[in-house]
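Open the model in your viewer and keep the selection tool at hand. This tour goes stop by stop.

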Amino acid sequence: MAASVSVIADLCIFLLTWNVGTHSPKNLELTSLLALNGTTQCPDNQLPDIYVIGMQEVSSKLGIFQDDPWVLKLASALSDYEYVKVKSEQLQGIVITMFAQHKHIPHMKNIETEETRTGLGGLWGNKGAVSIRLSLYGTGTVFVCSHLAAHDDKLKERIEDYHQIVDNTKYNSLSYRRIFDHDFVFWFGDLNFRLSGDLSSWDIRNSVEQGHYEELLKMDQLELLRETGNAFSLMEEMLPNFAPTFKFNEGTNEYNLKRRPAWCDRILHRVQVNSYPGITLSAKQLSYQSNMDYTLSDHKPVSATFNYKIETNNLTYTDEELHEMTHGSASTNTNLFNAELQEFQR
């Protein structure tokens, strides 16, 4: 007898990371950035179900209770398509914000945000991570946006930053205290990894112009670290098929050769595929790209889309029943979330 497969969730999630170099969004057009022009790579080119956007080096001059201008700008653009803001978190210049279509809101519970400082021994917060974790259609899902130590010679510091974030980010959910306790992990940001070896800026640029990405990526620090198990070894990454996203002369698509071009801006993920008997979890990556339309900063934005799926075999679970299994009794955060949602929609 053939197995009966039923689908609890089948979502398209759009992730975006961009180091904006302290610039204001001002009159920036966001249609291309958010793929609102029919280029999302979601199935049937539909708009995403969920956006999660991470930014680094936003200007952090505002008061603690004010949304960053970038978050407000994103909210304005997405509200035209009937998205609502779910949650935001900011650690100085690092911001993460989540937007979702209305219909998914009842399926989001136990929403938490965290910040983890790594800069200057964790005291300052100029580097570190912000994250949003939640029960998404019953599974434990976390989105982490980080900004790791800069410069070619700071590989050791980047590795230390990663381990500080993993060790020091803790949540209240009993089953999902830490990042890698989660069923789905999405980690992105300006990870600042460079190319090992002694190729000059000019050598790298010439290889990029010839499209030799694969050869250059063999020297990519993040790829090498994942292979050796020193950092991000639990994560997967689709191999970038786009030019290095740093460092450009602002206002142009020309590299600033004072720095060696590198793939600093990355998106990785992890799925614990068979966490629960009879339930299959998956996050098929549909796209991974940079956006050369934007010249505001010395980094290019990078985005990825994922088909987030929860399927059951010969079972008829609802996402509420799955939530009970994974998170215990119904969320106590729902009323707080509804209040925040109503405030946003005023």
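The stops below cover a helix, the nonpolar cores and a few backbone details in this predicted model.

**Helix 3.** Select residues 155–168. The 14 residues of this helix should span 20 Å at 1.5 Å a residue, and its end C-alpha atoms are 20 Å apart, which agrees. Now colour Arg 158, Ile 159, Asp 161, Tyr 162, Ile 165 and Val 166: these are buried. Look down the axis of helix 3. The buried residues fall within an arc of 155 degrees, so they line one face of the helix. What do they pack against? Show strand 5 (108–117), strand 6 (128–136), strand 7 (139–147), strand 8 (184–190) and helix 6 (221–228).

**The cores.** Go next to the largest nonpolar core, which has 53 residues. Select Leu 15, Ile 50, Met 98, Met 108, Leu 136, Phe 143 and Ile 310, which touch the most other members. Centre on Met 108. Beyond its neighbours within four places in sequence, Met 108 contacts Ile 50, Val 86, Met 98, Ala 100, Leu 134, Ser 135 and Leu 136. Another core, of 23 residues, lies apart from the largest one; among its members are Leu 34, Ala 35, Trp 70 and Leu 78.

**Backbone details.** Select Glu 82, in the loop between helix 1 (69–79) and strand 3 (83–91). Its phi is positive, near 65 degrees. Is Glu 82 buried or exposed? Glu 82 is exposed, at 57% relative accessible area. Move to Gln 92, in the loop between strand 3 and strand 4 (94–101). Phi of Gln 92 is also positive, near 50 degrees, and Gln 92 is partly exposed, at 24%. Finish at Lys 247, in the loop between helix 6 and strand 9 (265–271). The peptide bond from Phe 246 to Lys 247 is cis, with omega near 5 degrees.

Conventions. Residues numbered from 1 in each chain as written. Predicted model: local features only at pLDDT ≥ 70, side-chain atom pairs only at ≥ 80, totals over all residues. Heavy atoms only, no water. Helix = DSSP H or I, 4+ residues; strand = E, 2+ residues; numbered from the N terminus. Expected span 1.5 Å × (residues − 1). Buried < 20%, exposed > 50% of the residue type's maximum accessible area, 1.4 Å probe, protein only. Arc of directions from axis to C-beta. Contact = heavy atoms within 4.5 Å. Core = buried A, V, L, I, M, F, W, Y, C linked by side-chain atoms within 4.5 Å.
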